[in-house]
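I opened the notebook to record what I looked up.

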Amino acid sequence: MAGIYIHIPFCKQACYYCDFHFSTSIKKKDDMIISLEKEMMLRKDELGTESIKTIYFGGGTPSLLSSEEINRLIETAKKHFQIDENPEITLEANPDDLSKGRIEELAKSAVNRLSIGVQSFFDSDLKLMNRAHDSIEASSCLKNAQRYFENISIDLIYGIPNGSDEQWRANIEKALAFKVPHISAYALTVEPKTALESFISKGLIPEIDEEKAASQFFTLIDLLEQNEFLHYEISNFGKEGFFSKNNTAYWLGKSYLGIGPSAHSYNGISRKWNVKNNTKYINSLLEDKLPYEEEKLSKIDRYNEYIMTSLRTMWGVSLNTIENRFGESFLSFMLDQASEHIKLGLLELDGKTLSVSRKGKFLSDGIASDLFMIKLR
């Protein structure tokens, strides 16, 4: 099982918190699509005979592409790779791109899952983040999308400065009222060199309140679990049968191919990442050159990768996998590092599975890093 991720590096405008790779100019969109097709052709043998079960359009804002352009890229993937008979094909989309007519078009395409970047149902939040849509568009697009798509996920952001706990609870309840089967929720983080960092440093926006973010995270868990959502990954909640197959494959260590500028690829042995520049990406592929760097993963790298991804999921870390894949010394090291976290109730050891407790979930990445084996050079 493997997946293909296609990065569409264009946005209408820059959200204040975003540090993903994108351009607000779409002048090179036609050249970019040709380059994406060229990259797929040049990398057609990388996944061997593995069956591709997911295709994921991320960005940027993939919904800026027309349905014809999206289908063209899907057909290119089908031409060069072993695509499953019924793959999950996800399109990330912003509410302002999802008019009734556009949704009807997408419903006729090969896309069968929408991931909609709602972020908040409150205009005050959306303005603070510089989102291109408003709360009316957020609600309208969901109503229209549900007429044509069953498999819909929405993104929400918590820990927003000036956002109250009552407002966050109302956001979750609004999402639940739409009965979407999947919700992804992320704490607002201040990334370097973003507008948000600049505004906070100048005192124009309050600093992120970590305690408030943690409180809102646990409110999220409680409300969603009460409504039969499974918390299958730290930031992701799904009804039974509606987990993101694409993202689940990442967390379970499956191979994936990243197509497009800044896209990452992983095959269990090495990690590759494409150049983070649209012009350099396009020019390289015009010359039939693949614009990526590659890192061969050592045994320690692979162990750390497994710890980081597995601890984020409800399936946890398998002690048998650690011993069989990395050896007894790695297992002993991990259990020794985990012992203090187990005493503090942040980790739970249940038989042959180590997982993050409810108490430790908001701290999962930090806990995972404590279990990492450090390479001494």
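**Helix 6 and helix 8**

I started with helix 6 (residues 165-177) and helix 8 (residues 210-226), which pack at an angle of about 30° with axes 10 Å apart. Helix 6 is therefore roughly parallel to helix 8. I noted the cut-offs: angles under 35 degrees are roughly parallel, over 145 roughly antiparallel, 65 to 115 roughly perpendicular, and the rest oblique. The axes are lines fitted to C-alpha atoms, for helices over the stretch in contact, and angles run from 0 to 180 degrees between N-to-C directions. Helices (H or I, at least four residues) and strands (E, at least two) are DSSP runs, numbered from the N terminus.

I also noted that this crossing of helix 6 and helix 8 is right-handed.

Next I listed the contact, meaning heavy atoms within 4.5 Å. Helix 6 brings Asp-165, Trp-168, Arg-169, Ile-172 and Leu-176, while helix 8 brings residues including Lys-212, Gln-216, Leu-220 and Leu-224. The contact residues of the two helices are six nonpolar, three polar and three charged. Here Ala, Val, Leu, Ile, Met, Phe, Trp, Tyr, Cys and Pro count as nonpolar, Asp, Glu, Lys and Arg as charged, and the others, Gly among them, as polar.

I wrote down the source too: this is a predicted model, where local features need pLDDT of at least 70, side-chain atom pairs count only at pLDDT 80 or more, and totals for chains, interfaces and linings use all residues. Residues are numbered from 1 along each chain as its sequence is written, and side-chain values use heavy atoms, with hydrogens and water left out.

**Helix 11 and helix 12**

How do helix 11 and helix 12 run relative to each other, parallel or antiparallel? I found that the axes of helix 11 (residues 299-311) and helix 12 (residues 319-326) come within 11 Å and cross at roughly 170°. The two helices are therefore roughly antiparallel. Tyr-303 and Tyr-306 of helix 11 are among the residues that meet helix 12, whose side includes Ile-322 and Phe-326.

**Strand 5**

Is strand 5 (residues 152-158) buried or exposed? Seven of its seven residues are buried, so strand 5 is largely enclosed by the rest of the structure. Buried means under 20% relative accessible area, exposed over 50%, partly exposed in between (1.4 Å probe, protein chains only). Ile-152, Ile-154, Leu-156 and Tyr-158 point one way, and Ser-153, Asp-155 and Ile-157 the other.

I checked the neighbours. Strand 4 (residues 113-119) runs parallel to strand 5, joined by four bridges. Two strands pair if DSSP finds at least two bridges between them. Ser-115 has Ser-153 as its bridge partner. Strand 5 and strand 6 are also parallel, with six bridges, and Leu-156 stands opposite Ala-185 in strand 6.

**Backbone angles**

Most residues other than glycine have a negative phi, and most peptide bonds are trans. I looked for exceptions. Gly-59 and Gly-60 are joined by a cis peptide bond, with omega about 25°. Lys-193 has a positive phi near 65°, and Lys-193 is exposed at 82% relative accessible area. Asp-288 has a positive phi of about 60°, and Asp-288 is partly exposed at 46%.

Key. Left-handed = near helix turned anticlockwise from the far one by under 90°.
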